[in-house]
Amino acid sequence: MRRTVFLLLILGAAPAAAASLLAGPMPGASAMRAAEVWIQADEETVARLRYWPEGDPSAARLGPERDTRQESAHTAELSATGLEPGTTYVYEVLLDGQPQAARFPQTFVTQPLWQWRDDPPDFRFALGSCAYVNEPVYDRPGRPYGGDYHIFESIANADPDFMLWLGDNVYYREVDWDAPSSMYARYGHTRQLPEMQRLLTTAHHFATWDDHDYGPNNSDRSYRLRGAAQQVFHDFWPNPVMQAAGTGGVTTSFQWHDVEFFLLDNRSFRQANERVTGEQTILGEAQIRWLIDALRSSRASFRFVVLGGQFVNSAEVYENYDSLAPAERRDILDRIRAEDIPGVVFLTGDRHHSVLLRMDRRGTYPLHDWTVSPLTSGAGTPNEGEGQYRVDGSLYTERNFGTAEVTGPFGDRTLTMRLHDVDGNEVWSHVIHQRDLR
């Protein structure tokens, strides 16, 4: 024992292993002069960004320090400020002052100052929902529910400017529902999937949620850990500031060039699905009031309403809006019409199949609802009677993802929607012109 102590005194304690990245980095919110990048480290450390305009490393700057803490699964949202509009920045992540080796090109972009100057740039984004990553020890027995993880490589190959996650972005299991630490562990398990890493780093990311990344299946405002679920979501998604409706939840919005996205929270305010008394609500009055105000105030070419579950579908099945809160759905439709709001398109998830719905409305433009699902969870088919608004040829019942391109001159933009199989092959495409949504 004395010899061991003597040797330790002479040689000193072994140096602690340096912190490293478990997942990411992942760019998120992008403004004209600021951006956010998410990371997950393997231990508590001090993280920050070093960033510079592409091609000019001599102009490198340091972002503020952020601690990665055990209670939040060693995640951190790293800020870059003092940026210039319409610029690509190269960055590196520093942990305890040490630069981390980049596995993929690490860049983020700022929004261009195109207003009063030029046409907005063309851009492409990807979208999808229902990402299940198997963990056999906690999964249900039998055939694995998740698979085809290479779909994330296919999305990265499509080179989107950003990825829009439509809910069920992870799947909490029974072992996760009753402890925030387990919720963090589930998110970390999904986020560290090797096939996902290139996509995380090479595109910006924005997300809303549905039941499986909020709490138990079909969960509602009664879930006792809804506050914890919101914190976990906040710690894993570098969205713009959430709680936009002023009542909690994960409601937010963001702009990309001339287009605006309104990300709604369909869990924090909904009644229990089986209730037979009281209000019938999914979004709640405060959130709906915010949505209509925001849609009316927007000057965007397209105004995408992003929701975890289908809106336009009138079939009273499962958790379709018309099945649970038909009066609230009608109220939203009436308000959009009464306010004469142009350019509204719904983007939705949840249903484990993809389909484009089109609701023709007398005296005004049609409302589209594009459901894109699933990414890696099990696929399924719609029920009989759900084809009322279906665009011919748009139903797809295998794993898939979508891409959307916005192109053309300001005031006459074109939206081209494409559905892709897990290998990235195009399944179908559909075009909507801005002039037809007025």
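Q: Where does Pro374 lie?
A: Residues are numbered from 1 along each chain as its sequence is written, and side-chain values use heavy atoms, with hydrogens and water left out. This is a predicted model, so local features need pLDDT of at least 70 and side-chain atom pairs count only at pLDDT 80 or more, while totals for chains, interfaces and linings use all residues. Helices (H or I, at least four residues) and strands (E, at least two) are DSSP runs numbered from the N terminus. On that numbering, Pro374 sits in the loop between strand 18 (367–371) and strand 19 (400–407).

Q: Is the peptide bond from Ser373 to Pro374 cis or trans?
A: Look at omega for this bond: its value is near -5°. That makes the bond from Ser373 to Pro374 cis.

Q: What is the phi of His74?
A: His74 is found in the loop between strand 5 (66–68) and strand 6 (75–81). Its phi is positive, in a residue other than glycine, with a value near 60°.

Q: Which are the edge strands of the open sheet of six strands?
A: Strands count as paired if DSSP finds at least two bridges between them. The order here is 12-11-10-19-20-21, and the pairing is mixed. Each edge strand pairs on one side only, and these are strand 12 (204–207) and strand 21 (426–433).

Q: How many bridges join strand 20 to strand 21?
A: Strand 20 covers residues 414–421 and runs antiparallel to strand 21. Leu419 stands opposite Trp428, and Thr416 has Val431 as its bridge partner. The number of bridges joining the two strands is seven.

Q: Which residue takes a positive phi in the hairpin of strand 20 and strand 21?
A: The hairpin has four residues between its strands. The residue with a phi near 95° is Gly424.

Q: What is the volume of the largest pocket?
A: On a 1 Å grid over the protein atoms alone, a pocket is an open set of points with protein on both sides within 12 Å along at least five of seven lines, a cavity is a set where a 1.4 Å probe fits but cannot get out, and lining residues have an atom within 4 Å of a point. Points are joined across faces, edges and corners, and a volume is the space filled by probe spheres set on them. The largest pocket comes out at about 790 Å³.

Q: Which element gives the most to the lining of the second largest pocket?
A: This pocket has a volume of about 280 Å³. Its lining counts 15 residues, with Thr107, Asp159, Pro160, Asp161 and Thr202 the closest to the centre. Helix 4 (197–202) supplies at least two of the lining residues, but the top contributor, with three, is strand 9.

Q: Which helix gives the most to the lining of the largest cavity?
A: The structure holds three cavities of 30 Å³ or more, and the largest has about 50 Å³ of space. Among its lining residues are Trp165, Tyr187 and Trp237. Three lining residues come from residues 180–191, which form helix 3.

Q: What pLDDT does the protein average?
A: pLDDT is the predictor's confidence in each residue, from 0 to 100. At least 70 is the score of 96% of the residues, and the average is 95.
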